[in-house]
Amino acid sequence: MKSDRSLVGWLAAPAVFYLLLVYALPLAWLLVRSVAGPEGLSFTLFRDFFADPFSWRVIGNTLRIAGMVTLVCLLIGYPVAFALARARGIVQVILLAAIILPLSIGVVVKAFAWQVVLRRDGVVSQFLVGIGVWSEPQRLLFTETGLVVGAANVFLPFMILPIYSVVKLIDPRLMEAGATLGVGPVVRFFRILFPLTLPGVVSGIAFVFSLAVSMFVIPSLLIGDRFQTLATLTGRSFLLMRNEALGSVTATVLLLLAVSIVLASSLLARRVGRFA
Amino acid sequence: MTYSERIAQILMWTIAAAAVIFLLTPLLVTVAVSFGNSAVFSLPPPEWSWRWYERLSNTRGLWPSILTSVQIAGLSTVISLLLGTLCAIAIVRGQFPGREAITTFLVSPLMLPGLVVGIAMLQGFRLVGLREAWTSLLIAHVVITMPYVVRTVVAALSLFDFTLLDAARMLGCSPMQAVMRVLVPALGPAFLTSGMFAFLASMDNYPVSIFFTDAWTKTLPIQMLQYVEERPDPTIAAISAGLILLAVIVMIIGDRLVGLRRLADF
């Protein structure tokens with residue numbers, strides 16, 4: 001039996017080898033090529049990119065939109081995660097279905113639907129005029145607000161589920177214990193409940209922020225070409241402009257951004273985990 | 001219950017109800033548009049009709065792209081289930097260093113921008129002279145589907161009691177029989193959920209697939225985005241409604257077999 005257990009490790013070899021070959025190596029090659037000049041190491045591509053004010057506007061767009069999407073998802077997702085953990089019976093089924101079903105539907109389908117919803121004669125415009133918020137129909141499509149609404153809709157489940165996964169483990173008696181000790185409800189929430197949910201909040205924020213930073217289809221359909229983010233610029237440089245030098249630089253910046261989000265969130269999760 | 005707690009409760013359920021409507025809006029709108037007879041997406045539609053569904057049979061390029069998507073998604077899911085399960089067994093049972101790092105590595109394609117992964121693979125494949133669209137798509141989609149399998153099967157295997165295999169051996173099973181009769185049934189739910197999500201992830205993938213399609217080989221999302229950009233009409237809504245129906249069926253099957261709550265495990 002001893003030899004079985006030392007040999008069992010080799011079962012990992014096919015998958016690891018496969019991913020090394022077709023995934024890790026190409027990514028490393030992309031990084032190498034972005035700093036490879038005619039003779040040795042060269043950062044000219046990056047220097048040119050960061051010297052251009054347009055690039056900074058693109059980076060600004062990317063981070064601003066991703067930040068707003070994350071904020072909207074957090075504000076909606078946090079209470080919904082609690083509702084999901086408290087819900088029983090048919091209410092729980094409805095909530096779960098509303099979260100899981102959209103997860104299994106492609107982003108092209110959803111972005112197309114938001115194109116229809118956000119038009120001047122779309123449902124949102126009709127509704128807001130109907131209840132008197134707007135005096136006349138307006139178009140939300142091709143605006144930043146429209147993009148944030150559509151993206152928040154697509155990424156909301158990725159905020160709710162990680163928070164739900166920690167909320168459902170919290171012992172409800174903790175809050176009762178706080179109440180018995182005479183602590184007010186607001187203080188109880190911030191001193192007892194909120195710190196316990198932090199690991200879920202951190203991973204939800206990391207998920208949504210990194211998805212929002214790298215989204216491509218949603219901005220293409222909801223805001224159009226005049227508004228560029230790192231991801232749309234990367235896609236355009238490869239698919240339309242055939243400018244692979246620019247595309248490699250933006251792809252590398254995007255990759256480093258995504259990796260730093262993942263690393264930062266796992267460090268942060270470890271810290272808040274220790275506190276809780 | 002104090003006054004402020006009651007307000008918090010009301011607020012929580014109100015937001016939850018609004019979130020359900022918000023999450024389902026794109027799906028309901030798609031279905032409503034697909035059954036309307038208005039070509040300009042008027043809602044509510046002036047009249048109901050099947051006309052966009054009737055058009056599906058002669059929409060150019062639709063059926064080949066569906067076929068390609070199903071083939072790629074099916075094959076890549078099967079390959080990932082095979083390689084991923086072997087790897088998961090090694091991670092849970094093996095005693096070598098860096099097992100945690102291997103899990104992170106195999107799940108990482110899920111966390112990196114799809115577009116960047118696609119570009120890197122495109123350049124890598126070109127370097128070795130691989131230009132054939134279908135093969136490239138399949139190779140790339142195994143990477144996309146692998147994280148779902150590894151994540152779920154590792155979690156399921158860590159809960160599996162491996163002494164059961166020894167028990168089966170003692171009761172006269174061959175090693176192969178023990179695996180097939182004890183381990184595989186115990187992992188059934190994990191195979192099912194991870195296979196489902198892997199299949200759907202492959203079916204829906206846009207940012208990686210876009211680099212590997214050519215004029216003859218397109219996956220469904222690529223073909224659909226092309227329709228949206230060329231001539232947006234409710235035929236796209238009809239295709240979408242079909243995909244929504246597929247997702248509903250998959251979810252119901254998933255609920256019957258493993259339960260909705262297990263599907264929500266993250």
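I take a helix to be a DSSP run of H or I with at least four residues, and a strand to be a run of E with at least two, both numbered from the N terminus. The expected span of a helix is 1.5 Å times one less than its number of residues.

**Before looking.** I note that this is a predicted model, in which local features need pLDDT of at least 70, side-chain atom pairs count only at pLDDT 80 or more, and totals for chains, interfaces and linings use all residues. Residues are numbered from 1 along each chain as its sequence is written, while chains are lettered from A and ligands numbered from 1 in the order in which they are written.

**Entry on helix H6 of chain B.** I looked up H6 (residues 133–158), which has 26 residues and reaches 38 Å from its first C-alpha to its last, close to the 38 Å expected. Of its 26 residues, 19 are buried (20 or more other C-beta atoms, placed from the backbone, lie within 10 Å of the residue's own).

**Entry on chain A.** I found 13 helices and 0 strands in chain A, and its C-alpha trace spans about 75 × 70 × 35 Å along its principal axes. Of its 276 residues, 45% count as buried.

**Entry on the two chains.** I looked up which residues touch, with contact meaning C-beta atoms, placed from the backbone, within 7 Å, and 76 residues of chain B meet 71 residues of chain A in this way. Helix H1 (residues 3–35) of chain B gives the largest share of chain B's side, 18 residues.

Note on methods: Two residues are in contact if their C-beta atoms, placed from the backbone, lie within 7 Å. A residue is buried if 20 or more other C-beta atoms lie within 10 Å of its own, exposed if 12 or fewer, and partly exposed in between; C-beta atoms are placed from the backbone.
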